[in-house]
2 protein chains.
Amino acid sequence: MAGELLGDTVLVRDEAEASQIYNKGFYGYPMSGGCLELDLMEATYLLECGRLEVKESGESVLLSRLTLRAAETIKDFEVSYIVYRDLRQRGYVVKAHAGDFNFRVFPRGGTPTSSPTRYWVLALSERSLFDLKGFMDQMEQAERTRKTLLLAVVDEEGDITYYQASKAFPEGWESDAPGGLTSGVFIEHRVMIFDQDEAERVHKNGFFGKMIGSTLQLSLIETAYLQEHGLIELRSAASGRKISPVGFARRASRLQPDFQLRLRVYTDLREKGLVVKTGFKYGCHFRVYERDPEKIHARFLVHAVPSDYSTIWPEISRAVRLAHGVRKEILFGMVGEKVDYLRLRRVRP
Amino acid sequence: MAGELLGDTVLVRDEAEASQIYNKGFYGYPMSGGCLELDLMEATYLLECGRLEVKESGESVLLSRLTLRAAETIKDFEVSYIVYRDLRQRGYVVKAHAGDFNFRVFPRGGTPTSSPTRYWVLALSERSLFDLKGFMDQMEQAERTRKTLLLAVVDEEGDITYYQASKAFPEGWESDAPGGLTSGVFIEHRVMIFDQDEAERVHKNGFFGKMIGSTLQLSLIETAYLQEHGLIELRSAASGRKISPVGFARRASRLQPDFQLRLRVYTDLREKGLVVKTGFKYGCHFRVYERDPEKIHARFLVHAVPSDYSTIWPEISRAVRLAHGVRKEILFGMVGEKVDYLRLRRVRP
């Protein structure tokens, strides 16, 4: 097989060769007259596999030279090629994508002429930023046309981790809330309910706080939630004076700068009937139960982020890995006008 | 049992009561005349357990009142008390510590009169900073007197995670290194060795890089290491010009701002005979093998940090949890004049 390197394409002129390359793997773009045009990604791969010879002005082009040419022509070629190569080796038909994505991938056994695209693939370097907003736009674009968005993140050594992204709609079955008003004392970082009956009532209805002997200890966020719902009256341990919801929120925000952000997600999850506890042990904001946390394991780990959040990919990789390791789902709770949830899962395509 | 609240202590005057409290759990500090002085931590706990009644000016003091008094007197009482209470309930004898730590803890079954201290315990809020330098000083102080330093980190809900800290001395068995000089091409984020024999030689001796077909792909850090050891000559893919070690380090640092820091740790580990690969999938800098990475699992996850590193505790919690979940040890490689390694493990005391 021989193709001719012409600028940023390789042209296979021989009709028999062209149709053989196209029919076995759907490489290239058939042209009038039976020619086949290969893009440099395809040509590099076919050359690497020994399925194609490439010539320029009559001389053979080495793999190293074609790679360098492709790197000059295609943006982030090096990262894209690693992903292209991997998907091809897994048996998928992969074609370049004209829009915001790198590749269109067809279902296993499917072809560009017989099947709709299954995945839209973004090839990303681990050094690129994880930009939540841009990413959500792309996901919505994919979901509108019923494609699955696959993120192929290439690490420093060329290993690929695939992430599948989707929106999540967590929902729980707990509707209990402590009925009446109770009173608590704000000490340093926590709130205590010293009256044992009150303590037990608040703890049992909605699983708020933690019993320490006969005393119930509430976290800042639980307290803020109860206070906003008119269920707790607070006094300062130091001064004995009443603390208003505004005053409490101010103090809590001093202790925890992202308090308001967390509270938005906490409140949203609580209102969806979920039981929400701290995710400290997992290095995220919340662990979330669909019902009684004493009877079941937490299903979700949730991290509250602003809707314009961006971070480095190793952060995301770590969060997903950790959740996977403890058999929970990681959700990013994006706080905008409302709270939306993004689920990221590691997958093997 | 009755004790009298006097400022920041509770005094048990009755000799029989005093000795009973002291002998069962070594609470308090025996005074001349058979009295026993309890600190407010001890008195609060004994009151909570119903083993002590506390009076002030003849009137009974409620648990809520004693707690508030203790919170006024003892710094971070609320966090310390949660840890004190937990260790006591696990059956340990716990005494206040005069120096930089919160508690001295005796071995199980041991007493202040019969046994040396086993643990020095620091009670920390998850909201406190993890300050590596201060922490190393405390660890060395503990190790000099053969105590184990235990960090008790209290989360928002009052749950405690115990961490044991120690110095680590990782050592490997790989002494191979690619013998002669080779040449590579710098493309975007990676370096390629296109000559197949050369590629295989570099890959096999020391497990550098990753074979992509017949091409070896080296990471930036591997390349810098090989270049510093005079084992690779580099050319730019774009210009074809030679790249000096200084020029390469400058480019790599642009792509990865903490490149020099990582390289210090990479080099130190390589020189200790370990095989070092990226830890991207685990959200840390390196995964480290004691020998052939194709035959064994990585033993360590290593994160390179400057020696004056500080971060928030949830970061640390997450790193330790993740390493634990994949059965590896997490080490922090602290880059100062030399590289020291700190190991953090979750323990149950």
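Which side chain does B:E315 meet in a salt bridge? The partner is A:R318, with 2.9 Å from N to O. This is a predicted model, in which local features need pLDDT of at least 70 and side-chain atom pairs count only at pLDDT 80 or more, while totals for chains, interfaces and linings use all residues. Side-chain values use heavy atoms, without hydrogens and water. Here is a friendly tour of the salt bridges and then the pocket.

**Salt bridges**

- Side chains of opposite charge can pair when their charged atoms come close.
- The whole structure holds 52 salt bridges over all chains, each one a side-chain nitrogen of Lys or Arg within 4 Å of a carboxyl oxygen of Asp or Glu.
- B:E315 sits in helix α10 (residues 313–325) of chain B and A:R318 in helix α10 (residues 313–325) of chain A, so this pair joins two chains. Helices here are DSSP runs of H or I with at least four residues, strands are runs of E with at least two, and both are numbered from the N terminus.
- B:E315 and A:R318 are both buried; buried means under 20% relative accessible area, exposed over 50%, and partly exposed in between, with a 1.4 Å probe and protein chains only.
- A:E156 pairs with A:R127, their closest N and O atoms being 3.5 Å apart. A:E156 belongs to the loop between β11 (148–154) and β12 (160–168) of chain A, and A:R127 to the loop between β9 and β10 of chain A, so the bridge ties together parts 29 residues apart in sequence. Both A:E156 and A:R127 are buried.
- In chain B, the side chains of B:R13 and B:E4 form a salt bridge at 3.1 Å, N to O. B:R13 is partly exposed at 48% relative accessibility, and B:E4 is partly exposed at 30%.
- A network of salt bridges links A:E290, A:R299, A:E329 and A:R343.

**The largest pocket**

- The largest pocket holds about 620 Å³ of space. A pocket is an open set of points on a 1 Å grid over the protein atoms alone, where a 1.4 Å probe fits, with protein on both sides within 12 Å along at least five of seven lines; lining residues have an atom within 4 Å of a point.
- Its lining has 32 residues, and those closest to the centre are A:K75, A:S80, A:F101, A:N102 and A:A123.
- Elements of chain A that give two or more residues to this lining include α2 (40–48), α4 (77–89) and α5 (132–144). The largest share, 4 residues, comes from β9(A).
- By class, the lining has 17 nonpolar, 8 polar and 7 charged residues. Ala, Val, Leu, Ile, Met, Phe, Trp, Tyr, Cys and Pro count as nonpolar, Asp, Glu, Lys and Arg as charged, and the others, including Gly, as polar.

Key:
Residues numbered from 1 in each chain as written. Chains lettered and ligands numbered in written order. Points joined across faces, edges and corners; volume = space filled by probe spheres on them.
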